[in-house]
Amino acid sequence: MLLQGLRLNFDGLGYPVAQLGGPLSGGEIARPTGACRPSAVVRGEKLGARNAADWSRWVLSGRITLIATKRLFSLAMSTGPRGALARYWGHSGVDVSVLMPLTTTPQQSKSFRMKKIIYERYGSLSNLSMADVAAPSPSAQTLTVQVKAVSINPLDWKIVQGDMKLMTGKAFPKGVGIDFSGVVSQVGSDVSGFAVGDAVMGALDAMKGPGALAEFVQVQPHQVVPKTTGLSFEQAAALPIVGAAALQSLTKVLRMQSGQRLLINGATGGVGMIATQIAHKMGIHVTAVVSSKGVDLAQQWGAARVINYQTQSVQGLAERFDAILDLSNKLPFSQAKRLLTPIGLYVNAVPTLKDILLTPVANLARSQKVKLLMSSPDQATLQSLHQYASQGLDVHVSQRFNWSDFANAYAQVQKQGALGKAVLVVADAV
Ligand SMILES: NC(=O)c1ccc[n+]([C@@H]2O[C@H](COP(=O)([O-])OP(=O)(O)OC[C@H]3O[C@@H](n4cnc5c(N)ncnc54)[C@H](OP(=O)(O)O)[C@@H]3O)[C@@H](O)[C@H]2O)c1
């Protein structure tokens, strides 16, 4: 007999029916087979479970509505962990609430699999592949997030190439992708302030992070903030890394004041887009250096003056700037210093180890200073970005790729760049 519309809510766990597909605490394995093959309705689409991994995926994606056979239902009830409390209110179209104090979480089971982009050695982006891997294990201190979108950053291929291997280490496989948006699907018992179903945006540790380009990520609560309501999931994924670099360049690194003059070289890339808008809001006079395709956007974002580097050389400018933020890696300090005031500041956005060691010493001997940008998307910064975004910050996403098209996406953005940002869509992000 089919129990149409039966709903199971496993209180507070975020894994409503995980027990059906994974190992149970007694070591039994309940697999949907034969007569009791279950199906689920996920976001209006009816799906048949082929295996435990399917269940895991649907369960992790949040609430699912079950259309279950009676046998399956009794299996769930009878094979649950000892102490399970079930309340069954009827046979058809009714709610069933089950409290299950799980000793083994579904994600700790070997059958809990997910898709993820990984690489096994440093080198080119062609080393990336989509793999079926064990889902990350939740803990009392972490949140599980079902990933909706992941942004593409130049840092991605620098890490994949091994440019930062001193910091990223030699352990493989590694994941790729730093900032992301998604929906909370599990909340650790020690975590407060988040609930299953919350939309969030955040960033993993770029150097030690497991890679956000996966169906699910485990995060520390300080690595995410609520997604700004006015942003789509794609825009939200695009903000944390470039937003942190932009905000910290202006505030912590340059300590810019209203009325000062700033040259942003590369003002319509990811960092430049946010830096131009926040600088404008801070009352800073922004000269934006862009290519033809970015002229209109730079004006919209508040640049007082826009220079098209394809038709005008920045070197020919007569004015002097209090600060220069070079995001193109094409205007080194040796060339930029003649555009600075005698005590002007220059930001090196891609400091090498040599720069970190030598710049402080070199600065002692000059009045114009080079400042090194080493931004971090800490929680205070994420919260500030959330504030700016709720006040109308434009996060311009010019390119969207399905994450199964990751190879083409990374190759294209590495070669041609993106106006604003490019993102990979992992799950129907809106
Ligand atoms: N240190 C840190 O904490 C940190 C954090 C984030 C990012 N970064 C680094 O900061 C840099 C910028 O990041 P992003 O995400 O903004 O990169 P991006 O989106 O690729 O932006 C690069 C910008 O440079 C512009 N550009 C290219 N050639 C130029 C030229 N000759 N003159 C002027 N502009 C030119 C591009 O404009 P067109 O496409 O129109 O040519 C684009 O707007 C990257 O190197 C990144 O790794 C550092």
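Helices and strands are here DSSP runs, numbered from the N terminus: a helix (H or I) has at least four residues and a strand (E) at least two. The place of Pro173, in the loop between α5 and β11, is to be read in those terms.

**Confidence**

This is a predicted model, so colour the chain by pLDDT before anything else. The mean pLDDT of the protein chain is 80, and 74% of its residues reach 70 or more. Select residues 1-47: pLDDT stays under 50 there, and the model has 128 contacts beyond four places in sequence for this segment. Residues 49-53 also stay under 50, with 13 such contacts.

**The cis peptide and its surroundings**

Return to Pro173 and display the backbone. The peptide bond from Phe172 to Pro173 is cis, with omega near 0°. Next select Glu120, which lies in the loop between β8 and β9. Leaving aside neighbours within four places in sequence, Glu120 is in contact with Asn127, Phe172 and Pro173. The C-alpha atoms of Glu120 and Lys174 are separated by 6.6 Å, although the two residues are 54 apart along the chain. Is Glu120 buried or exposed? It counts as exposed, because it has 12 C-beta neighbours inside 10 Å.

Ile118 stands opposite Gly175 in β11.

**Helix α4**

Select residues 154-161, which form helix α4; Asp156, Ile159 and Val160 are buried in it. Look down the axis of α4: the buried residues fall within an arc of 100°, and therefore line one face of the helix. They pack against β8 (113-119), α5 (165-168) and α13 (406-416). After α4 comes Gly162, with a positive phi near 90°.

**Helix α8**

Move to residues 270-281, helix α8. Its 12 residues should span 16 Å at 1.5 Å a residue, and the end C-alpha atoms are 17 Å apart, which agrees. How many of the 12 residues of α8 are buried? The number is 10, so the helix is largely enclosed by the rest of the structure. Among the buried residues are Gly270, Met273, Ile274 and Gln277. α8 is followed by Gly283, where phi is positive, near 85°.

**A parallel pair and its crossover**

Select strand β17 (residues 285-290) and strand β18 (residues 305-308), which run parallel and are joined by 4 bridges. The chain passes from β17 through helix α9 (residues 295-300) to β18, in a right-handed β-α-β crossover. Within the pair, Val289 stands opposite Ile307 in β18.

**Two positive phi values outside glycine**

Finish with two loop residues. Arg255 is found between α7 (240-253) and β16 (261-265); its phi is near 45°, a positive value in a residue other than glycine. Arg255 counts as exposed, with 11 C-beta neighbours inside 10 Å. Asn329 lies in the loop between β19 (321-326) and α10 (333-336). Asn329 has a positive phi of about 65° although it is not a glycine, and is exposed, with 12 other C-beta atoms within 10 Å.

Technical notes
Residues numbered from 1 in each chain as written. Predicted model: local features only at pLDDT ≥ 70, side-chain atom pairs only at ≥ 80, totals over all residues. Buried ≥ 20, exposed ≤ 12 C-beta atoms within 10 Å, placed from the backbone. Arc of directions from axis to C-beta. Contact = placed C-beta atoms within 7 Å. pLDDT = per-residue confidence, 0-100. Pairing = 2+ DSSP bridges. Right-handed = clockwise from strand over helix to strand, strands pointing away. Expected span 1.5 Å × (residues − 1).
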